[in-house]
Amino acid sequence: MRRLRFMLPGFIAAAALAAPGIAHAAECAGADVHPSAADTETVREATLCLLNNERTARGLPKLRPQPTLHRVSSSYARLMVRQGFFSHVSPGGSTLTQRIKRTGYLKGVRAWSVGENLAWGVGESATPRAIVAAWMDSPGHRANILSRSFREIGIGVTPGSPRIAGAASTAATYVTHFGMRKR
């Protein structure tokens, strides 16, 4: 069984300047929404739309939402906010691959690849448009978004910051889990 694994460094969107990108070419509903518990689904859909705009503008296929990856990414975003850490490795030591393997997502496959992008932002830097622009300005995150290896995605968005206590009303934490399975 051949296994491929991509893990790239996290990125704090609040520290980045949002630059205009290809994702602006086709409008995505909710791209400028400030995440809150009431509109998490809108923010997830806007994030997926923006990511897929980046891919299709370069001739790549769209990423398909995958329920298991969604559950894992959502759970990890909540964990980072609740425990106040920002890392690809949890305080308990779990890695992306370990978290994914526990779900059965990789059961019975002969080859697979997974990847993870993390971000958080406050205020204007917390919108889907700002987060995707920050990822596209980061070579490692951009590589995951534009990888031909990935076909599926889970997007977790949680109001709150893993680093700034009390910023919950203006902050959001994002986790994307990319995947591909060959049976």
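A residue is taken as buried when its relative accessible area is under 20%. In this predicted model, Cys28 has a relative accessible area of 2% and is therefore buried. Cys49, at 25% relative accessibility, counts as partly exposed.

These two cysteines form a disulfide, with their sulfur atoms 2.0 Å apart. The count for the model comes to one disulfide. The bond links distant parts of the chain: Cys28 lies in the loop between strand S1 (2–5) and helix H1 (40–56), whereas Cys49 lies in helix H1, and the pair is 21 residues apart. The torsion about the S-S bond of Cys28 and Cys49 is about -75°, so the disulfide is left-handed.

Helix H2 spans residues 67–83 and has 17 residues. The distance from its first C-alpha to its last is 24 Å, close to the 24 Å expected at 1.5 Å a residue. At the start of H2, the backbone nitrogen of Thr68 has a side-chain oxygen of Gln66 within 2.7 Å. Just after H2, Gly84 adopts a positive phi of about 65°.

The buried residues of H2 are Thr68, Leu69, Val72, Ser73, Ser74, Tyr76, Ala77, Leu79 and Met80. An α-helix has 3.6 residues a turn, so residues three or four places apart point the same way.

How values were computed: Residues numbered from 1 in each chain as written. Predicted model: local features only at pLDDT ≥ 70, side-chain atom pairs only at ≥ 80, totals over all residues. Heavy atoms only, no water. Helix = DSSP H or I, 4+ residues; strand = E, 2+ residues; numbered from the N terminus. Expected span 1.5 Å × (residues − 1). Buried < 20%, exposed > 50% of the residue type's maximum accessible area, 1.4 Å probe, protein only. Polar contact = N/O pair within 3.5 Å; in protein donor to acceptor, adjacent residues only side chain to side chain. Disulfide = S-S within 2.5 Å.
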